[in-house]
Amino acid sequence: MRLLVVEDSERLASLMAKILTGGGHVVDVVQSLDMAHAALELVDYEVVILDLSLPDGDGREILDRLRRSERDALVLVVTARGDVVSRVQILDAGADDYIVKPVEGDELIARVRALGRRARQLQSEQLTFGNVCLDKASLTLTVGDSLVGISPRELSALSVLMSCQGRVVRREKLETAIYTFDSDVTENAIEATISRLRRRLLASGATIEIVAMRGIGYVLTEREAC
């Protein structure tokens with residue numbers, strides 16, 4: 001999953017990112033409300049891990065924003081406030097779950113895993129277009145009746161394209177789906193990923209193809225019959 005950690009303690013944020021990345025997730029880390037708002041403008045996160053005490057305000061602003069929007073992001077609050085009244089207030093404010101500091105790695109992974117299952121229930125688990133089916137729950141790609149091997153980055157790119165089938169997907173949206181903010185992304189990284197994905201679809205007999213819109217992005221269309 002793509003996760004956002006909002007935590008002003010650099011040490012704790014780094015620790016959580018390391019734990020979550022080790023669990024197979026893509027993790028972005030920000031340290032303030034302003035940075036969190038900017039990140040949420042760019043990326044549709046499945047789970048936001050949120051500290052409430054931030055240097056430029058109360059993390060509940062993030063909760064309020066997400067609950068007012070149509071986004072399905074789930075929020076795991078990490079807080080030092082462990083009394084019953086505070087926990088009730090956190091949940092009433094819109095949090096989906098919470099952990100009381102200090103954070104234990106195994107518990108963090110388990111809570112995120114549970115929220116991930118809930119996030120998948122909120123979304124369609126299968127994307128289909130032409131004779132191609134992408135299962136987001138099992139992270140598998142099927143073309144016709146055949147299972148096709150695919151890299152994680154290609155799978156992420158194809159998931160975005162299939163979600164927007166028939167509509168142009170900007171290059172920037174693909175980059176945010178595949179790479180974290182601090183990734184060292186080369187200028188032609190997206191082109192290389194799309195090129196490999198095109199070859200994979202063609203070789204497997206897919207009836208869909210990726211068309212480049214010069215200077216804008218890419219669109220997934222059904223291949224014209226010969």
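Predicted model: local features only at pLDDT ≥ 70, side-chain atom pairs only at ≥ 80, totals over all residues.

Reader: In general terms, through what do the strands of a sheet pair?

Author: Strands of a sheet pair through backbone hydrogen bonds, in either a parallel or an antiparallel sense. Here, β1 and β3 are joined by four bridges in the parallel sense, and L4 has V48 of β3 as its bridge partner. Strand β6 (residues 74–79) also pairs with β3 in the parallel sense, over four bridges. In that pairing, V48 has V75 of β6 as its bridge partner.

Reader: Are the faces of strand β3 covered or open?

Author: A residue counts as buried when its relative accessible area is under 20%. In β3 (residues 47–50), V47 and I49 are buried on one side, V48 and L50 on the other, and both faces are therefore covered.

Reader: Which strands form the antiparallel sheet, and in what order?

Author: The order is β8-β9-β10-β11, an open sheet of four strands. Its edge strands, β8 (126–129) and β11 (146–148), each pair on one side only. From one strand to the next, the twist averages 25 degrees. Strand β10 (residues 140–143) runs antiparallel to β11, with three bridges between them; V143 has S146 of β11 as its bridge partner.

Reader: Which residues of helix α7 are buried, and against what do they pack?

Author: In α7 (residues 171–178), the buried residues are L174, T176 and I178. They pack against several elements, including the strands β1 (2–6) and β14 (217–222) and the helices α6 (152–163) and α8 (189–203).

Conventions: Residues numbered from 1 in each chain as written. Heavy atoms only, no water. Buried < 20%, exposed > 50% of the residue type's maximum accessible area, 1.4 Å probe, protein only. Helix = DSSP H or I, 4+ residues; strand = E, 2+ residues; numbered from the N terminus. Contact = heavy atoms within 4.5 Å. Pairing = 2+ DSSP bridges. Axes fitted to C-alpha atoms, helices over the stretch in contact; angles between N-to-C directions.
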